[in-house]
Every structure is written in structure tokens, then in C-alpha cells.
Amino acid sequence: APVTARWPVMSTVAELSLPVGATNLPRLQPIVAGCFDAVENRLSFFRETSDIARINRQAGTGIPVAVAAGTADVLAQALSVARESGGAFDPTVAPLMRLWGFRGGVTNLARPAHEALGGTLALVDWRQVTLVVTAAPPHAAVHLARPGMELDLGGIAKGYAVDQAYDALLREGCSVFLVNLAGNMRGRGAPAAGRRGWRIGIRDPLQVQAGAWLGTLTLEDGEALATSGNYERFVVVEGERVPHIIDPRDGQPARGLISVTVLAGSALEADALSTALFVLGVDQRRTVLRAHPGCGAVYLTDTRPPRLRVTPELHGRFRPAPGWKTAVEW
Ligand code: AMP
Ligand code: MG
């Protein structure tokens, strides 16, 4: 089996896997850990000195905040996915997260009142983010139009962090590896002779069928995988589980899916798209996927019984686990 280092970061778990017999894990693990720490320092919602916290403190003041080039790059990509998804993905979702009890809000609260929801929705609008990139220093600056607006890159930052680690490992001359940050994965090469890449099991969050997997996908040529779901991180509101993904278009928790897994060319793309597709559901996926040729998704619908649905890009590549085979559609 491949050798794997596993460590805690960003309130979750990171992993670096290398092929059987690799001896350079102790040298490479700190490089990957360093990438994740650097991204967290820049993009964390909670760290007071992060670019994100600094931007949020100046919301509505008219003062643009100078940020690192990497921050500007992630934000620019977050804003593109916001545009492509008609605002289903929105990096200014934070005030809604708070309203529903996330992000240091109260837990087990009542459903938000209609007026509170309306006021908060007015603060969630990616079009009111100004990102100015210039040739001269400071190169990039960000401003949020209204007081109370807040950026939250939680739906995209882990994917970006995985891409940073991926690039760092390539610079180290590493040619076979798998990086995993809380289910945001990107692989290179194949861990054993005769394999096309890293074979990844996609977890069955329900375990309704025998076995813990929905199926498997093999990551080839630097491909990435990300999963968004309603089963791991949630709060309880009036006895109901509220997932940590909110639909910014109506302010309600996203409904209709248990999980969605996206295969993409980069981990950032997979991460942002999985969050976007979780909000959009099975039927509204097309505009987003059209803008990302080659990307595909595996959905587990929140229906009785749950159904597994696979977009055409992943037909023949996603291998459903026994018991799920008959449920695969498209
Ligand atoms: P993920 O696990 O990648 O799907 O990301 C979930 C995280 O993304 C949440 O914890 C929030 O920080 C953020 N988020 C929640 N809803 C949205 C949304 N509609 N658009 C963008 N980010 C969101
Ligand atoms: Mg995501």
C-alpha cells in the first residue's frame, strides 16, 4: 500500500500519500504542511491578520485593502464561479452563515425571522465586491461596498491550498503523489505499476448499501476531486439539520442533495464547483458545467430512496460500488 502522512490542519485532516516504498515522506510532508499553513494565514475567516479578515473590517469604508497576489487570484476565480452559477456560489455568503448559526453565531436557534433574512440577503452579493489588479504595487486591492458585508472563501480555499501543495511537490521533482485536504484531492502519477492513476473511493455518507463506498474514480494526469455534502458539518435549527451550504438566492439552506463529488483539472475548480453544484442541484447544473469543459459530477440525491446520478463526462470512469449499479442514471 502507499505510504501516507496524516496531520490536523484548518480544523480538519490533511494527508500526503506516496507510492509503496517511498522514503521521502518525512522531507515532503513539511513542504505540504507549509503550503496549507500559508494559505490559512492568508485566507482564514477567523485569523485577524488574514487578507480576508482585513478586507472584512474595511467593508463599506471606501478604503481598498491591499492583498497578496494569491488572494486576488482565488477571489477572481470565486467571482467567476459566482457569475457562472448565477450567484448560487457566492463568496460573500458569510452574513447568511452567521444568521443560520455558523461562523461563531448561536447554535440551535430558531429559524431566522423574515425581516432578518431580508436584511442579511442584501449583504450577500458578489457584484458588490471590487477587485482591482494593477501592474504597480500593491498589485491587488479589494473592497466590499456595504458595511456588514463579509468575504468567506470556505467554499474554495481548501482546493486552492491543495493546488499550492501540488505545485510545490512538482517543484521538488516529485512525480507520484496524492494530496488530500478534507476530501479535496489532487493526484499525480500512479501509485503502482499497471494503474492509470490514484484510485479514490467516494464515501457513502448513508451506508444504506453494504460497504462504505458509493464507488470509485481514478485520478489521472493531475486531476482533482472534491465533495460537498450535508452530512458532516451542520447546525440544528428547530430540530432540523441545517447543512453548512446556504443558497444565497433565497437565504435558505441548500436542499435536494446529500452529496456531490466533482472531478476537475484543478483542486480549486473541483472545490468551487462542488459547492456551486450542491446549491444548484441536479437540474440547474448545466450553465456551470458548460463553463468548465471536462468537469463532471456524481450526485447523491436526498430522496427516498437516494439515487446516484452521474454526468456524461464521468460515464465509464465512475465505477459504482455493488448495490449502487442499478441506481446510476444518465
Ligand atoms: P464546501 O465544503 O467546499 O462545499 O464549502 C462549504 C463552505 O463554503 C461553507 O462552510 C461556507 O464557508 C462556504 N459556503 C456556504 N454556502 C456557500 C455558497 N452558497 N457559496 C459559496 N460558499 C459557500
Ligand atoms: Mg467547495
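Me: What are the ground rules here?

Reply: Residues are numbered from 1 along each chain as its sequence is written, chains are lettered from A and ligands numbered from 1 in the order in which they are written. In this predicted model, local features need pLDDT of at least 70, side-chain atom pairs count only at pLDDT 80 or more, totals for chains, interfaces and linings use all residues, and side-chain values use heavy atoms, leaving out hydrogens and water.

Me: Which residues have the most contacts inside the largest nonpolar core?

Reply: In soluble globular proteins, nonpolar side chains tend to be buried together. A nonpolar core is a set of buried Ala, Val, Leu, Ile, Met, Phe, Trp, Tyr and Cys residues joined through side-chain atoms within 4.5 Å; buried means under 20% relative accessible area, exposed over 50%, partly exposed in between (1.4 Å probe, protein chains only). Here the largest core has 75 residues, and W7, L16, F36, L153, V179 and L277 have the most contacts inside it.

Me: How many disulfides does a search of the whole structure find?

Reply: A disulfide is a covalent bond between the sulfur atoms of two cysteines; the cut-off is sulfur atoms within 2.5 Å. The search finds 0. For C35, the nearest cysteine sulfur, that of C174, is 12 Å away. C35 counts as buried because its relative accessibility is 14%, and C295 is buried at 2%.

Me: Is D125 buried or exposed?

Reply: D125 counts as buried, since its relative accessibility is 14%. Its contacts (heavy atoms within 4.5 Å) include D90, T92 and M149, leaving aside neighbours within four places in sequence.
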